[in-house]
Amino acid sequence: VLNMSKLERLSTTKCFGGSVQRFSHDSAVLSCSMKFHVFVPPQAESRKVPVLYWLSGLTCTDENFIQKAGAQKVASELGLLIVCPDTSARGVQIEGQDDSWDFGSGAGFYLTATEEKWVKHYNMFDYVTKELRTIVNENFSVLADRQSISGHSMGGHGALICALKNPGLYRSASAFAPIANPVNAPWGKKAFTGYLGSDQEKWKQWDATELVQNYEGPDLHFLIDQGLADKFYPDQLQPENFKNAVAKAKQQVSVNVRLHEGYDHSYFFVTTFIDDHLRHHASFLN
């Protein structure tokens, strides 16, 4: 059984009546030491609260969202506990993992690697959906059956696939500028070739646009925001492909894709619309 003694608290800082806390722990799934941040809302002192997982993008760590998104004020009002994991295994030695910014370190793509070189450490899908979730459920005052997931860019891709591959696990999902159809995007092709090999049929198991067409499970409602001044929008992100695929879905899946004139790929974009996402999730969690 995992408990607080297995978690090392690195810091705690009061914020909007709750607290921002950072922890490290030894991950069995990733075979390394990992860090994560949580925002614990004030309501957690007196009752169990719902959880929102946030998955960050390429080159990010567990720190980006908690420092830049400005989510704490509304999360405090809504009573949402937010969990921010890192984006890949850390402190491991794999040849080539630090050669480029869009593959390897900081670029785990929230999948389960099958290529031998990456199998031991590159299992962010199981880390997010199983190991970290278990740690959070056992160590914090949370409602284990009221959880949602969101993310940005590579993490938006992660949020979409985590929800689609685990029907009923998350009440809702959302994304900012997600890599929505990675089998057709340069980032996705590079990552999938490296982690999964050359069989493109295997890639489809990790592509939200492919997965949503065959989704079977409880109603799932997605909110996606995309900036139109995002330089990655046309080639890498392709939210329209996901929207078109949702229309073909067998089950009750809905998506609201909002396009925003003038906004780019940065956290200035994320912080502009983060409150809408928090309220979207709260409407399904509370």
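Buried means under 20% relative accessible area, exposed means over 50%, and partly exposed lies in between. The model used here is predicted.

**Exercise 1.** Classify Arg22 and Glu63 as buried, partly exposed or exposed.

*Solution.* 
Step 1. Take Glu63. Its relative accessibility is 29%. The cut-offs are 20% and 50%, so Glu63 counts as partly exposed.
Step 2. Take Arg22. Its relative accessibility is 17%. Buried means under 20%, so Arg22 counts as buried.

**Exercise 2.** Describe how Arg22 and Glu63 are connected, and where each sits in the chain.

*Solution.* 
Step 1. Side chains of opposite charge can pair when their charged atoms come close.
Step 2. Check the contact. The side chains of Arg22 and Glu63 form a salt bridge, at 3.8 Å from N to O.
Step 3. Arg22 belongs to strand S2 (residues 18-27). Glu63 lies in the loop between strand S4 (49-55) and helix H1 (64-68). The two residues are 41 residues apart, and the pair links distant parts of the chain.
Step 4. Widen the view. Asp62 joins Arg22 and Glu63 in a network of salt bridges.

**Exercise 3.** Work out which elements the salt bridge of Asp276 and Arg258 ties together.

*Solution.* 
Step 1. Start with the contact. The side chains of Asp276 and Arg258 meet at 2.8 Å, N to O.
Step 2. Locate both ends. Asp276 is in helix H11 (residues 267-285) and Arg258 is in strand S9 (residues 253-260), so the bridge ties together parts 18 residues apart in sequence.
Step 3. Asp276 is partly exposed at 34%. Arg258 is partly exposed at 22%.

Key
Residues numbered from 1 in each chain as written. Predicted model: local features only at pLDDT ≥ 70, side-chain atom pairs only at ≥ 80, totals over all residues. Heavy atoms only, no water. Salt bridge = Lys/Arg side-chain N within 4 Å of Asp/Glu carboxyl O. Helix = DSSP H or I, 4+ residues; strand = E, 2+ residues; numbered from the N terminus. Buried < 20%, exposed > 50% of the residue type's maximum accessible area, 1.4 Å probe, protein only.
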